Amino acid sequence: AAEHPDWPAIIFMTTPEPDDPALTLTFRQLFGRVTQAANLFHELSEGEPPVVAEMLPAMPHAHMALWGGAAAGVAMPLNFLLRPDQLADLMNAAKVTVLVALGPNPAVDIWDKVLQIKDKVPSLKAIVQVTGEVAPGLNNVHAFDAAVGAQPADRLVSGRGFGLDDVAAYFHTGGTTGAPKLAQHRHGNQVHTAISAAMFYDAGPEDVIVNGFPLFHVAGAFVYGLSMFAVGAKVVLPTPLGFRDQAYMRNYWRFVARERVTLLAAVPTIMATLLGTPVGDADISSARLLATGGSPLPTELAAAFEAKFGLPVRNILGMTECAGVVSIEPVHGPRVPGSAGLRLPFSEVAAVPLGADGPDLARRCAPGETGVVVLRGPN
């Protein structure tokens, strides 16, 4: 924002039609809105340490709330597909002071859950509603655009500074092995992940990435979000439904052509969908890489994608607890079937045998030996 204030930071597709206009936010505008959001969250927390939860799809407001929450105190993006009782439990564990949520919307039903949980979180002081008129009779509910717009954009009113070891966010795990758990991210974890991912992808200000991941997903927040902002790249957000928008997915390659996208990012299931989506007369020659992760990458799928589109496919291993990334296949290295790439700089990753008392850190697994992955580092 300081070096190139008028460069586009976010391009938001408001509809799934390529001929419809998009919303553009420059780096100056994005940084200003993040600062304003932080000031609002500080004010609404009424002297308590700000913990800002958000229930938002992939839209510009989600970035304002996430980075603004971390600037005010601690940010906490929530998967709005969780049950209301799970959401309330997570918010109570974090002692949330402010909730930012999408207002009534026929395509994404978040607001009904907000109404169900708002009285079950004693620490909650205010709700900030994104889009729509605030319904009369709701206490401490504020319209996002008006409330944020009334705050100063040139400074943090709190006057706080930031350290690498300060907690920036609580990201909940997926809940695949029980109830979702909160993982703490420090600012240093997130910065290390973002800079490292940009290096592995050789990303720079000339790049444009399609990021259809929600921000409660660490890949959407850091691997394909903060990493791109850090190097001045442009982030394209594909409608509030993201990759769930079937109409958008049918037009995917036309959007790639329109925005001159250079970096594609998709989980393997979306890769398979794109493999069967006709390119038509769309000029996708700007694309140079598809980055994938989130689940095992079938070698046949990667090979078929590379053969059809002439794009290198590179895999990633990530974890919520590691601010998004453990290892990445670098774009300028070969794709190795079955591999999730190289560890991030300054980190350690090893496979060790699992004994009766837990991982045996004194040993390393031999080739073919079953064990567990252990890791440590700035991420």
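The model is predicted, so local features need pLDDT of at least 70 and side-chain atom pairs count only at pLDDT 80 or more, while totals for chains, interfaces and linings use all residues. Residues are numbered from 1 along each chain as its sequence is written, and side-chain values use heavy atoms, with hydrogens and water left out.

Rings of Phe, Tyr and Trp (its six-membered ring) are paired if their centres lie within 6.5 Å; planes under 30 degrees apart are called stacked, over 60 edge-to-face, and the rest tilted. This rule gives 11 aromatic pairs. One of them joins tryptophan 67 to phenylalanine 222 in an edge-to-face arrangement, with 5.9 Å from centre to centre and 65 degrees between the planes. The two partners come from distant parts of the chain, 155 residues apart: tryptophan 67 sits in helix 2 (residues 60-72) and phenylalanine 222 in helix 7 (residues 218-230). Helices (H or I, at least four residues) and strands (E, at least two) are DSSP runs, numbered from the N terminus. Tryptophan 67 and phenylalanine 222 are both buried, where buried means under 20% relative accessible area, exposed over 50%, and partly exposed in between (1.4 Å probe, protein chains only).

Phenylalanine 222 also pairs with phenylalanine 171, this time tilted, at 5.3 Å centre to centre and 50 degrees between the planes. Because phenylalanine 171 belongs to strand 8 (residues 167-172) and phenylalanine 222 to helix 7, this pair ties together parts 51 residues apart in sequence. Phenylalanine 171 is buried too. Elsewhere, Tyr248, Tyr252, Trp253, Phe255, Phe305 and Phe309 make up one aromatic cluster.

Strand 8 itself is mostly covered, with 5 of its 6 residues buried. Its antiparallel pairing with strand 9 (residues 182-186) runs over 5 bridges; two strands pair if DSSP finds at least two bridges between them. Here tyrosine 170 stands opposite glutamine 184 of strand 9.

Helix 6 (residues 187-200) is largely enclosed by the rest of the structure, because 11 of its 14 residues are buried. Among them are His187, Gly188, Ala194 and Phe200.

Finally, valine 349 in strand 18 (residues 348-352) counts as partly exposed because its relative accessibility is 36%.
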